[in-house]
Amino acid sequence: MRAHSSHHLPSSLVLIGAGNMGSAMLEGWLKVGINRATTTVLDPHPSLEVQTLCAEERIALNPPVRDIRPPQAVVLATKPQALEAVAPAVDRLIGPETLLVSILAGKRIEDLKRAIPRAKAVVRAMPNLAAAVRLSATAAAASEAVTEPQRLIAHELLSSIGQVEWVGHERLIDAVTAVSGSGPAYFFYLTECLAHAGTAAGLPTELAERLARATIIGAGELLRQGDLPPAKLRHNVTSPGGTTAAALDVLMREPGLRELIREAVDAAKRRAEELSG
Ligand SMILES: NC(=O)c1ccc[n+]([C@@H]2O[C@H](COP(=O)([O-])OP(=O)(O)OC[C@H]3O[C@@H](n4cnc5c(N)ncnc54)[C@H](OP(=O)(O)O)[C@@H]3O)[C@@H](O)[C@H]2O)c1
């Protein structure tokens, strides 16, 4: 279960990049009571929503970097391609006690430290698309210099967009990317497949699409609300000799869906390894 107390919010914070992910995090931090007076947002082209939010909440937006004192935490949420361009400004913000949290896909802790030499305590996180609805499955890895209080701060900051899981070693982030980073698309595709199958079974296309969509949402909600493992939920709805059993006999034959998904995750993991060099 996700630990969600606001005890570990940083005393001061700079967010760099307030796009989809950055603004979702900012909204979450405001909900759990971040100190507005010591929060700063840097983004060269902030959206109207971000401008309005910062004005309403009295959060500093784009002050000169030289005027910002090194905060307790810097959260880097630009696109990965922007790292080289943004690195000098980030470096100026890093003090001896500053934690850097990066969500840049494919940028390893080593890449971040090379680009931002003053950064020693670095957390690399991999969120997913569901951050937009605060249901991200986020995994994080910490550099050796990250202290336990800093890890708790990173946990708190990342919890604003969903569930946070820590991995013992950064190399596991490629597997994380293949499972939860790319994962939402697998379930979107599964929804498309179910709708197609419904149409093939005689349903009007739009009805099949609505049913498939509502079904995956309902199944997801059952997983979210209960503590039962997915296999138990599946057993509970599978009467011997019934309709669900007939379908699962097809899905579970070998090689079947399990093998296909293993191959898909393996392909994504290899690609993640290639992309992060
Ligand atoms: N979206 C996802 O599902 C997802 C999943 C996993 C990881 N991530 C990671 O999350 C990060 C952010 O993704 P996103 O979807 O939020 O991207 P995004 O919407 O493009 O947000 C990035 C923001 O950073 C701003 N920016 C660019 N250069 C900057 C600079 N020098 N200083 C400060 N801000 C700057 C951009 O402004 P402009 O638009 O004006 O360039 C934009 O507002 C990426 O690194 C991505 O790898 C995203």
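Eight strands make up an open sheet of mixed pairing, in the order β3-β2-β1-β4-β5-β6-β7-β8. β3 (60-61) and β8 (162-166) are at the edges with a single partner strand each, so one side of each has no neighbour in the sheet. Strands here are DSSP runs of E with at least two residues, helices are runs of H or I with at least four, and both are numbered from the N terminus; two strands pair if DSSP finds at least two bridges between them.

This is a predicted model, in which local features need pLDDT of at least 70 and side-chain atom pairs count only at pLDDT 80 or more, while totals for chains, interfaces and linings use all residues. Residues are numbered from 1 along each chain as its sequence is written, and side-chain values use heavy atoms, with hydrogens and water left out.

**Strand pairing**
- Strands of a sheet pair through backbone hydrogen bonds, either parallel or antiparallel.
- Strand β4 (residues 73-76) pairs with strand β5 (residues 99-102) in the parallel sense, over four bridges.
- V74 stands opposite L100 in β5.

**Ligand site**
- Of the 22 residues around the ligand, those that come nearest are N20, M21, D43, H45 and T78; a residue is near a molecule if one of its heavy atoms lies within 4 Å of it.
- The shell around the ligand holds 14 nonpolar, six polar and two charged residues, where Asp, Glu, Lys and Arg count as charged, Ala, Val, Leu, Ile, Met, Phe, Trp, Tyr, Cys and Pro as nonpolar, and the others, Gly among them, as polar.
- A polar backbone atom of N20 is 2.9 Å from an oxygen atom of the ligand, and a backbone N or O atom of M21 lies 2.7 Å from a ligand oxygen atom.
- In the side chain of D43, an N or O atom is 2.6 Å from an oxygen atom of the ligand.

**Backbone features in loops**
- The peptide bond from E254 to P255 is cis, with omega near -5°, and P255 is in the loop between α10 (243-251) and α11 (257-275).
- R58 is not a glycine, yet has a positive phi of about 55°; R58 lies in the loop between α2 (48-57) and β3.

Note on methods:
A polar contact is a pair of N or O atoms within 3.5 Å; within protein, one must be able to donate a hydrogen and the other to accept it, and residues adjacent in sequence count only if both atoms are side-chain atoms.
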